[in-house]
2 protein chains.
Amino acid sequence: MIKKAVVLISGGLDSTTCLAIARSQGYELYGMSILYGQRHSSEIDAAKSICKDYQVQEHRVVNLDIGLIGGSALTDPTIKMPESQGQGIPVTYVPARNTVLLSLALGWAEVLKAEAIFIGVNAVDYSGYPDCRPEYIQSFQNMAHLATKIGVEGRGPIIKTPLIALTKAEIIQKGLTLGVDYSKTVTCYQADEDGLGCGLCDACKIRNQGFRDANVSDVTRYRAL
Amino acid sequence: MIKKAVVLISGGLDSTTCLAIARSQGYELYGMSILYGQRHSSEIDAAKSICKDYQVQEHRVVNLDIGLIGGSALTDPTIKMPESQGQGIPVTYVPARNTVLLSLALGWAEVLKAEAIFIGVNAVDYSGYPDCRPEYIQSFQNMAHLATKIGVEGRGPIIKTPLIALTKAEIIQKGLTLGVDYSKTVTCYQADEDGLGCGLCDACKIRNQGFRDANVSDVTRYRAL
């Protein structure tokens, strides 16, 4: 019996590791990426290439102009991208982002009758995001079971968050045991069109520190370090 | 102190009544419409015109190609539109539709710091849709409080469903007391480009029956009846 999983894949380090984990668990893979007004498309290019490498059955890129909504440095060009951030919820927070991503994945999961939705959220390194916490995921899960035909019939998809309690170093170590090629993933908030990271923003710093902590060489392609 | 509300407005009878109710409760209005691969745009044209009539502060139309997802006669042109339907969940059900709509509204509500989100769901006339039931809405509400900055701070928006327990006739009566002009609303699944209903599909029939049950004349513009 084939088990299907919808995997949310941004092209970054975390979601690519998540895809590798879903494959290692024997799921037939359906990749979903959301174009929500990001400033660059190299992340989506990376997602497309990674989905090919992992032989996903189908990769859907949904165009969603959530950038219209504003409120985040990731989607609103009038907000300055911070080079480093203080305490609390960061300005790179996208309003209701994971809720929107999971809702779209839920719709596709319902059509596919998929048993699982994988999302690479992580509560350790990015502690300011409310929608990365386990209690949020559990609550989305409860809602999803009530929201859909398959949920009402007791066959709703399980929301899987295999990275939620891992440090960046542990995520990298896990991925490497599964053969992930991290040079193909794009993490930087302001990557160039070839996917090269700036090496200076918080995302690049956290990623680089992860490789250091994992005691492996950082294969990321940077413009400068 | 201004109270803001995001109102999901499709251009149909229910959401227009919902908008009128939100206005009657003193909210500053922010209209949101989602273009999710509907077969016709006359509903959105109606939504735009209605938002002008109600002097909403801002009306955002979000393009979302959820039609890609398939699985519904409303968005997938390969599924035949039924003229009438049997028991159970109808084929016009859009996968995870209200979850996607509410998620997008939640994102905007967070940016606006809105106190309420209005959605015109109804559990009476369309009993086959799992995401129109009160227990689903309550569950989305719980999730929304955990998902967002404003929710975590105890100021998350309340999901308001003033129509949920009303019959179509009661919705129409309520709207008429608030001065709603129903000739401007578009309900038909296959309205023409001028917004004229077919008079034959389930949506048209339920709507027409609502006017009959309310003992008022049906002002809907039909192609044939």
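The legends below describe close-up views of a predicted model.

**View 1. The open sheet of chain A and its strand order.** In chain A, five strands form an open sheet in the order 3-2-1-4-5, with parallel pairing. At the edges of this sheet are strand 3 (58-63) and strand 5 (158-160) of chain A, each of which pairs on one side only. From one strand to the next, the twist averages 25°. Strand 4 (residues 116-118) and strand 5 of chain A run parallel and are joined by three bridges; within this pairing, A:Phe118 has A:Lys160 of strand 5 as its bridge partner.

**View 2. Helices packed on the sheet of chain A.** Helix 1 (residues 13-24) of chain A packs on the sheet, where it touches strand 1 (4-8), strand 2 (28-35) and strand 4 of chain A, and its direction makes about 170° with that of strand 1. Helix 2 (residues 42-53) of chain A lies across strand 2 and strand 3 of chain A, and runs at about 170° to strand 2.

View 3. Three bridges pair strand 4 (residues 116-118) of chain B with strand 5 of chain B in the parallel sense, and B:Ile117 stands opposite B:Ile159 in strand 5.

View 4. Helix 3 (residues 97-112) of chain B has 16 residues and reaches 23 Å from its first C-alpha to its last, close to the 22 Å expected at 1.5 Å a residue. This helix is mostly covered, with 15 of its 16 residues buried. Just after helix 3 of chain B, B:Lys113 takes a positive phi of about 55°.

View 5. B:Val186 lies in the loop between helix 6 (168-177) and helix 7 (202-213) of chain B. B:Val186 counts as buried because 27 other C-beta atoms lie within 10 Å, where the cut-off is 20 or more. Leaving aside neighbours within four places in sequence, B:Val186 is in contact with B:Gly11, B:Gly12, B:Ser42, B:Glu43, B:Ala46, B:Ala191 and B:Gly195. The C-alpha atoms of B:Val186 and B:Asp45, which are 141 residues apart along the chain, are separated by 9.3 Å.

Conventions
Residues are numbered from 1 along each chain as its sequence is written. Chains are lettered from A and ligands numbered from 1 in the order in which they are written. This is a predicted model: local features need pLDDT of at least 70, side-chain atom pairs count only at pLDDT 80 or more; totals for chains, interfaces and linings use all residues. Helices (H or I, at least four residues) and strands (E, at least two) are DSSP runs, numbered from the N terminus. The expected span of a helix is 1.5 Å times one less than its number of residues. A residue is buried if 20 or more other C-beta atoms lie within 10 Å of its own, exposed if 12 or fewer, and partly exposed in between; C-beta atoms are placed from the backbone. Two strands pair if DSSP finds at least two bridges between them. Axes are lines fitted to C-alpha atoms, for helices over the stretch in contact, and angles run from 0 to 180 degrees between N-to-C directions. Two residues are in contact if their C-beta atoms, placed from the backbone, lie within 7 Å.
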